[in-house]
Amino acid sequence: MASKKSVKQRHVIAGPDFWRNQVHCTADHWTGHIIEPLDGHPELAGREHEVAKTIQDPETIRPSTKTGKAFAFERVMSAETLRVIVYYEDAASVRSGRTVGTIGTAYPVDTAYTSQVGAPIYQKPASKQTGQSPTGKEE
């Protein structure tokens, strides 16, 4: 019987989110979905660092209303609000940093479009002197 080789996919984004869960996006998903010229958001090409920064240090986090396993991370980047949708393996463990996530999509927020995200569950404080830790407790 032939052995199966695991194909390791190259990640264009790999690192912790706000709650310290490991989140990634493969090169295939980035080019074939997120920045795909016809149905994607080609304006995000070359902005992988901004997407990673959005999930690491968001200004707002919202739950998905489409699925209970996803969250939307938002941050103003390059004079527009960037939204990154992350799907998690175990939604119950997200806030404790004990799961892994995959970036489903990323896009500039268009206020004319009705998104499938709920009310904010986290808002970055106006002042960085007082804030919330990744677990949601006041620092």
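R47 and E50 are both buried (buried means under 20% relative accessible area, exposed over 50%, partly exposed in between, with a 1.4 Å probe and protein chains only). For R47, the relative accessibility is 12%. The two residues form a salt bridge, with their closest N and O atoms 2.9 Å apart (a side-chain nitrogen of Lys or Arg within 4 Å of a carboxyl oxygen of Asp or Glu).

This is a predicted model: local features need pLDDT of at least 70, side-chain atom pairs count only at pLDDT 80 or more, and totals for chains, interfaces and linings use all residues. Residues are numbered from 1 along each chain as its sequence is written, and side-chain values use heavy atoms, without hydrogens and water.

R47 has another partner. A salt bridge joins R47 to E80, and here the closest N and O atoms are 2.8 Å apart. R47 sits in the loop between α1 (27-34) and α2 (48-56), while E80 belongs to strand β5 (residues 80-88), so the pair ties together parts that are 33 residues apart in sequence. Helices (H or I, at least four residues) and strands (E, at least two) are DSSP runs, numbered from the N terminus. E80 is partly exposed, at 24% relative accessible area.

Now turn to D57. Its side chain meets that of K124 in a salt bridge, 2.9 Å from N to O. The link spans distant parts of the chain: D57 lies in the loop between α2 and β3 (60-63), K124 in the segment after β7 (122-123), and 67 residues separate them. K124 is partly exposed, with a relative accessible area of 22%. Shared partners join K53, D57, R75 and K124 into one salt-bridge network. The structure holds 7 salt bridges.

What space does the largest pocket hold? About 290 Å³. A pocket is an open set of points on a 1 Å grid over the protein atoms alone, where a 1.4 Å probe fits, with protein on both sides within 12 Å along at least five of seven lines; lining residues have an atom within 4 Å of a point. The volume is the space filled by probe spheres set on the points, which are joined across faces, edges and corners.

Which elements build the lining? β5 and β6 (100-108) are the elements that give two or more residues. The largest share, 3 residues, comes from β6. Lining residues include K66, I85, Y87, Y107 and Q116. By class, the lining has 5 nonpolar, 5 polar and 1 charged residues (Ala, Val, Leu, Ile, Met, Phe, Trp, Tyr, Cys and Pro count as nonpolar, Asp, Glu, Lys and Arg as charged, and the others, Gly among them, as polar).
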